[in-house]
Amino acid sequence: MHTANSLEILKKRARKLAEPLRKEEPGERISVIRFLLYPETFAIEASCVHEVFSLRDLTSIPGTPAFVMGVINFRSTLVPVVNLKKLLGIHETGLTEMNKVLLLRDGSMEFGLLCDRILGSAFILQKDIRDAPATVSRLGSELIAGMADENTILLDGRTLLKSRQLIVDQ
Amino acid sequence: MSTSDEEFLKELLEDFKLEAAEHLQVIGDGLLELEKSADSGGNPTKTEEVFRVIHSMKGAARAVNLQRLEQLAMVLEGVFHEVKNKKLTLHPAMFDVLYPATDMLAALLGEIDKPLKSVSQNDFNLMIGRVQAIRNVRKGGAEPAPQPARLNTEPAAGESVPEPEPPEAQLRPQKPSPEKHTHQKKEEQEQRQPQTQQTPSEAGPEAQQDAAPADFSAVNTSGRGVSENETVRVPVTRLIEILNLAEEMITSKNILRWHADEFGESAAELARLRTRLEEELTDNRQATLPDERVALRKTIQDLRSSAGRLARLSDELSAHQRRSGRNIDELVEHMRHTLLQPFSVLFAVVPRLVRDLSKSSGKEVEIAISGAETELDRRILEQLKDPLIHLIRNSVDHGIEPKAERKKAGKSEMGKLAVKVGKADGRKVQIVIEDDGAGINRERLLEAARKSGAVSKEALQEISTAEINRLIFASGVTTSRMITDVSGRGLGMAIVLEKITNMGGTIEVESEPGRGTRFIIRLPQTLATFQGILVESASELFLMPAQAVSRAVRVDASRVKTVESKSVVQTGGHTVALVKLSAVLGLSSRERKPGGPMMTGLLLEREGRRLIFLVDTILGEHEGIVKPLGAMLRRVKHIEGACLMGDGRIVPVLRPSELFVSAAGLGLQVRSGDAATAEKPEQKTRVLVAEDSITIRNTMRNYLELAGCEVTTAFDGQDGFEKLMTGTFDVVVTDVEMPRMNGFELTAQIRKQSALQDLPVIIVTALETPDDRNRGMDAGANAYIVKSNFRESNLIDTIKRLV
């Protein structure tokens, strides 16, 4: 009896305090992973990133294009690893760490993206995405969705995963 | 419909699909047989079989409520019912309807999982009409059956049609077909048949009573224990999953072996250390006090027992590893045998193919297949499909002559093509594809081979018949004057050879002008576990498929001669060209080891050509699974895939066929320059690179090696220091941020060693603050280079300046 009573009180209070569900406009916020690929900072949709880990061992495969750094052993499966700088034509300014891997995956494609440092995850607003300046978009326009902020290049993860440019079929 | 009902229906559908696929195969085979015997008065046994199977399919389709399938099966059944009762005689023209009707049955079956219909209602109605028309042919349509009229109108509405003429009553008393026990599939199908007959509409109370004792006896059989012939129905996909898992264990086996070996070595090392300690203690009696000696003796005692225990554990581990290794091998072998499938699976398409090909080319070809029950690894069967189709197309297209030509040659107009499968020695299967056509045209083949460059003019002088015949497998050689989509591009045969050798098989060709051509393929019954020779070339590891390697060779550099700008050597009575594996793979710029007087290589033989691929070292053999390189690297030239080694390393597996092609492109130049550089040894700058990032480590190595340095790498400061203590170096290049011992600490350690006091140390770092620079200099570094301007700052120049 006592409990039934207090339950009623609690329910009342809950009703009183309850706020209507805040409606978010669909697609407004995008969850991204930010990473450093010296000297640029990039962001990529988190939904494309399956896992992030440190590069331990890398086997180069002779005869592959320059953007293919090699293959890694990811839980007994071989996964190719890509150097985005080579792909986007970013001038290599020296040696950077390049020892973190973002594993990108969709239903049919899977590869690792090498980077210098993972900067963490963040939300960006769709409306804040600006067109990339000509200097950036020249790099690989279809792979770049725009600028997430003034210093962060937003990659188009879906397009990257679907890109025929990456497929090596000799 | 409740969920459980839905699930039940789903299960039923799955069963139906499996069963119907088998039925379709029997129907397809049956039609071909019947077509053959159409002129000679028919084949009652086959008619019976086809009728029975179509009938079963109809009943089962009704049970799972697939109306269109049921309708089509029903009209087909009607046709065969009349054939069976001799009311209708099969005429060759009828098959032009019956084959497409069978195809439509397959298409309707394929619709089950799809949301959309692939067969339009219009096409469906037309087909029903065409099949019906077959029956109307009978007796000139004098006695039209009542059903066709009904069927022609009703299916359009998409309604289910009442059974026109239930043949069950006639069916039951019939004797089973004589082929009952030919193979498992048929047997299963027979066993299931009584059940499929019990579809709801026809299973009256009487029928159910009939069924009960039958079921009971089935229970009894299994109650007696598992009988020899008892089978279980398991989806092939599940078996493949199990096989994949079993094969994955081969990698586990390798890992286990590697660890067991490492463990054994460590245990042995500990035992050696203990012995040394004991000896040193005995030698240095004076240096130690009696008390210390007693304490040390005690420790040595403990060490001894602990080393003994480790040695025992190591032995046990090794024994266990060997036992489980054997079990894994056996498991894999058994699984592979479980997945053996009869050739008939593959042959299902063959007669149709020959029929279609001969129709389109205006030739008449009779195909005879034997040994279809021979069993083979299903993956080999899958791989064999294209080569087999190609060879058959080749025989019809190039082998068998047009009718007129055959007549002129005094042969029958009907060409003969035979495919014979049988067991061969050593658990192998032999496939013979034989035609009685014109045979290989020597002159045209030689001409084509010369044109494509597969063989030189000089070589043509002394070529043997066997070698000529083998030329048809060389890529680019085609004798067809016209390129059709069927054959004539000259690639096909090369691919056939490649596929067959990849599976560990061989292919030979025999031909007699005017009499015909015979291809003989020999294949292992199960796909063998990959065996490779592990080699090192340009400081990278590779696996060469063992079946491609004739033997490993040691070549004396002084015996290498240059013939027509090619390096050759005499071995085993042949003049064999030499080529560096690293050069073929495009790794030449990273060549490190100067060649000694003896060179190591692998002798490969292919299409009758021999070639030695020179490597730095042959490290041993490896057995395992070749994994694909990932979806992105769909196909990489020279590289088939990669194996995972026991220690987790990835080693690329080479594709010999492409190595041969690329080697030819290189002009096969191997300067005995290997020896030449060895004569004039230039002292290289020995650099130690300490760097924890593997990417930078490799980039630095390449960069420095390109500049002519000899590079040793260390993965952190500690590792670097250990390497410094055991080797001789001219300069150290180190990173700052590293685990265990950072670059500043390493520099300080180096300066503490009297022997290393003058060793130049270059710090390369991403850190850019003046503080860091000062810290580096304080520690005793000679130069400080910031990575971001690594190239500009010219590490090489700095090294040259300091050394």
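**Strands, contacts and burial**

Guide: Begin with one pair of residues: Arg105(A) stands opposite Glu110(A) in S7(A). This is a predicted model, in which local features need pLDDT of at least 70 and side-chain atom pairs count only at pLDDT 80 or more, while totals for chains, interfaces and linings use all residues. Residues are numbered from 1 along each chain as its sequence is written, and chains are lettered from A and ligands numbered from 1 in the order in which they are written.

Visitor: How many bridges join S6(A) to S7(A)?

Guide: In general, strands of a sheet pair through backbone hydrogen bonds, either parallel or antiparallel. Strands here are DSSP runs of E with at least two residues, and helices are runs of H or I with at least four, numbered from the N terminus; two strands pair if DSSP finds at least two bridges between them. Strand S6 (residues 100-105) of chain A runs antiparallel to S7(A), joined by six bridges, and the two form a hairpin with four residues between them. S7(A) is also joined to S5(A) by two bridges, in the parallel sense, with Leu113(A) in S7(A) as the bridge partner of Val82(A).

Visitor: Is S7(A) largely enclosed or left open by the rest of the structure?

Guide: A residue counts as buried if 20 or more other C-beta atoms, placed from the backbone, lie within 10 Å of its own, as exposed if 12 or fewer do, and as partly exposed in between. Five of the six residues of S7(A) are buried, so this strand is largely enclosed by the rest of the structure. For chain A, with its 170 residues, the buried share is 32%.

Visitor: Which strands of chain A supply residues to the side that touches chain B?

Guide: Residues are in contact if their C-beta atoms, placed from the backbone, lie within 7 Å. By that criterion, 32 residues from chain A and 34 residues from chain B take part. At least two residues each come from strand S4 (68-74), strand S5 (77-82), strand S7 (110-115) and strand S11 (168-169) of chain A. S11(A) also pairs with strand S17 (residues 633-635) of chain B, in the parallel sense over two bridges, and there Asp169(A) has Arg635(B) as its bridge partner.

Visitor: At what angle do the axes of H13(B) and H14(B) cross?

Guide: Axes are lines fitted to C-alpha atoms, for helices over the stretch in contact, and angles run from 0 to 180 degrees between N-to-C directions. Angles under 35 degrees count as roughly parallel, over 145 as roughly antiparallel, 65 to 115 as roughly perpendicular, and the rest as oblique. The axes of helix H13 (residues 350-361) and helix H14 (residues 378-399) of chain B come within 10 Å and cross at roughly 30°, which makes H13(B) roughly parallel to H14(B). Among the residues that meet are Leu353(B) and Leu357(B) from H13(B), and Ile389(B) and Val396(B) from H14(B).

Visitor: Is Ser537(B) buried or exposed?

Guide: Ser537(B), which lies in strand S8 (residues 530-537) of chain B, counts as buried because it has 26 C-beta neighbours inside 10 Å. Beyond its neighbours within four places in sequence, Ser537(B) is in contact with residues including Phe542(B), Leu581(B) and Asp616(B). Asp616(B) is 79 residues from Ser537(B) in sequence, yet the C-alpha to C-alpha distance is 5.1 Å.

How values were computed: Contact = placed C-beta atoms within 7 Å.
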